[in-house]
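I opened a new notebook page for this chain. These are my entries, in the order I looked things up.

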Amino acid sequence: MSSEVRTRFAPSPTGYLHVGGARTALFNWLFARNHLGKFILRIEDTDKKRNTAEAYQVIYDGLSWLGLDWDEGPHVGGNFGPYFQSERNSIYENYLNRLEKNGVLYEDEGAIRFRSPRKTVIVEDMVCGRVIFDMSHPGTHPDMTLRRPDGTWIFHFVNVVDDIEMKISHVIRGEDHLSNTPKHIELYEALGAPRPRFAHIPLILNHEGKKLSKRDGGASVDTYRADGYAPEAVINYLSLLGWSPGENREILKVPEILELFDIQSINRRNAIFDLDKCFWMNGQHILRMTLDRFAELALPFIEKAGVAYGSRERLLPVLAIVKEKIKVFRDVPEWIRYFFTEEFVIDPAAVENTLRKAGALDRLKALRDSYQALETWDLHHLESRLKETATQIGCKTGDLIHPARVAVSGRSVGPSLYHMLEILGQKSVLNRFEKTFRQFSL
């Protein structure tokens with residue numbers, strides 16, 4: 001086995017990337033990066049019925065979105081390819097011949113089976129510790145099939161062959177594979193190949209205590225991309241499913257996770273997936289990220305929604321004042337659309353609760369008159385003039401703030417009113433006030 005640390009993620013192209021698979025990829029990536037090793041992507045695509053270009057792309061896109069770059073594999077190449085099992089048939093044939101020469105294979109109704117040596121197998125696992133498997137009883141541990149009668153390969157065999165050929169030093173995978181490991185060790189020994197180190201990480205369960213499935217909300221990585229989660233927030237959440245950095249730390253940037261990650265700190269308890277916690281964590285990352293990063297992640301959603309923001313110079317001040325309100329980037333267009341068009345929809349509930357209140361439009365007209373006379377249009381003067389107007393006409397500041405907000409944005413909630421007014425500019429604000437008077441005056 002190579003002294004270089006080499007880990008791998010070997011998904012099947014099923015059409016979606018499960019968060020459990022993404023967490024496995026993440027732990028392999030972190031371990032490889034921590035040890036200045038290589039992270040390999042290998043596609044287990046022997047099931048030809050499910051192999052489509054779209055299914056492959058889902059894997060590439062999901063990993064790339066998360067920032068889990070691979071050193072060898074599809075689109076990258078490497079010295080140990082091909083990196084698709086469907087292209088490695090001759091390699092498997094060679095290894096099957098080696099086992100046949102060693103006298104450990106036999107045919108059974110067209111299938112090729114491996115004759116177990118029938119002994120105890122000890123797995124020294126980096127997470128689970130020492131696990132002892134008694135493989136001596138054919139009733140509980142029958143001889144495994146390596147090749148089916150139709151010529152297709154069984155997972156156990158090709159998985160081991162690929163790990164040998166690709167010089168994988170550490171196999172980090174879900175705990176549901178722990179029971180497969182003694183079978184794999186038997187194959188390593190029969191082939192005279194050194195076994196890798198094994199680390200079986202806890203399963204991810206739903207709230208009912210069952211293994212997280214495709215039907216559970218948030219099970220697919222593509223959900224987070226579509227809804228506008230920050231990839232660094234998803235990485236942060238996935239890293240804490242079975243691992244802890246200690247000191248009750250939760251919100252971590254990727255470089256911090258890389259620095260702190262230790263496979264020995266992974267615990268044995270199954271992790272419970274909590275979509276609400278991931279949502280909260282995403283909001284925390286958004287609050288903490290730079291405006292440039294916020295704009296980078298928001299822009300695809302803004303452009304898809306057709307918001308005509310004009311230029312980056314016009315957009316950034318708007319994003320700066322809505323940033324603290326955003327929990328997922330999918331929501332950004334509706335928080336900013338009214339800044340860039342005079343034709344925005346006014347929420348009927350906001351009209352009833354604000355503009356239809358007795359005296360609301362009269363108070364708004366008084367504010368219009370005050371703002372019309374304003375010579376300096378900035379936060380300080382906008383706030384002080386509104387408060388002065390409230391005092392003059394004998395109302396609370398909220399009785400001016402709320403109708404003003406609805407008039408200029410069509411919404412009853414939003415960022416600071418004074419920041420909104422400053423960015424919109426005097427002409428636009430006064431025009432929107434006038435439009436409100438025409439539309440809602442009795």
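I began with a cysteine. Cys395 is buried, with a relative accessible area of 18%. Buried means under 20% relative accessible area, exposed over 50%, and partly exposed in between (1.4 Å probe, protein chains only). I then looked up Cys278, which is buried at 1%.

Next I counted disulfides, meaning pairs of cysteine sulfur atoms within 2.5 Å. The count comes to zero.

I noted what I was working with. This is a predicted model: local features need pLDDT of at least 70, side-chain atom pairs count only at pLDDT 80 or more, and totals for chains, interfaces and linings use all residues. Residues are numbered from 1 along each chain as its sequence is written, and side-chain values use heavy atoms, leaving out hydrogens and water.

Then I took the whole chain. Of its 442 residues, 51% count as buried. The C-alpha trace spans about 100 × 45 × 40 Å along its principal axes.

I listed the secondary structure: 18 helices and eleven strands. These are DSSP runs numbered from the N terminus, with helices (H or I) of at least four residues and strands (E) of at least two.

I picked out helix H11, residues 312–322. Its buried residues are Leu315, Leu316, Val318, Leu319, Ile321 and Val322. What do the buried residues of H11 pack against? I found helix H10 (291–304), helix H12 (332–336) and helix H17 (417–424). Contact here means heavy atoms within 4.5 Å.

Last, I checked contacts between residues at least 6 apart in sequence. Of these, 73% join residues at least 24 apart.
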